[in-house]
Amino acid sequence: SFIGFIFPIYASSLGASTIQIGYLFSIFSIISILIRPLVGSLIDKRGRRTGILIGTILYTMVNIFFILAKDFRYLLIGRIIQALGSSILWISVNTYISDISDKTNRGKNFGILDQTMAKGEWMGSIIGFTILYNGITGDPFKLVFIIFLVTSLISVYYTIKK
């Protein structure tokens, strides 16, 4: 959720025009619409864990692109990868939660998932805004994405190990 707040500012700081920033948001939706029907088939054939692993790896790649970004092209590629990662990861996670639940705990399990996501969004936003508005570094965007890269790598590690 933090990216939604800062992404237009970050894109603008790299020279993206208002129209290009609109493209960056639109491409996410377009790719998501196109890829999601294919994700169900993928995770049915290869498993939910495979989908979660692919999604976490793609999110890791997104942070690398955003760290290395020098212009609009990097951001565009990053957003395409982000849309792919989001689609694959969240369909896999939601399907996994549904698979391990029964009618007595399905609502509770999805509630726990939503609560965990909200906590992560809250923590990420606090970290990001603290860095952006306190002058901790001369390039706060890069530091934020480095921190998000580390958390993505931890996610990949836990997905592989557990």
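**Exercise 1.** Classify D44 in this predicted model: buried or exposed?

*Solution.* Start with the cut-offs: buried means under 20% relative accessible area, exposed over 50%, partly exposed in between (1.4 Å probe, protein chains only). D44 has a relative accessible area of 57%. D44 is therefore exposed.

Ground rules: this is a predicted model, where local features need pLDDT of at least 70, side-chain atom pairs count only at pLDDT 80 or more, and totals for chains, interfaces and linings use all residues. Residues are numbered from 1 along each chain as its sequence is written, and side-chain values use heavy atoms, leaving out hydrogens and water.

**Exercise 2.** Find the salt-bridge network that contains D44.

*Solution.* Apply the criterion: a side-chain nitrogen of Lys or Arg within 4 Å of a carboxyl oxygen of Asp or Glu.

- Step 1. D44 pairs with R48; their closest N and O atoms are 3.0 Å apart.
- Step 2. R48 also pairs with D99, with closest N and O atoms 2.5 Å apart. This pair links distant parts of the chain, 51 residues apart: R48 sits in helix α3 (residues 48-68), D99 in helix α4 (residues 72-100). Helices (H or I, at least four residues) are DSSP runs, numbered from the N terminus.
- Step 3. Join the pairs: D44, R48 and D99 form a network of salt bridges.

**Exercise 3.** Classify R48 and D99 by accessibility.

*Solution.* R48 is at 19%, so R48 is buried. D99 is at 46%, so D99 is partly exposed.

**Exercise 4.** How many salt bridges does a search of the whole structure find?

*Solution.* The search gives 3. One of them joins R73 to D71, with closest N and O atoms 2.7 Å apart. R73 is exposed, at 56% relative accessible area.

Notes:
Helices (H or I, at least four residues) and strands (E, at least two) are DSSP runs, numbered from the N terminus.
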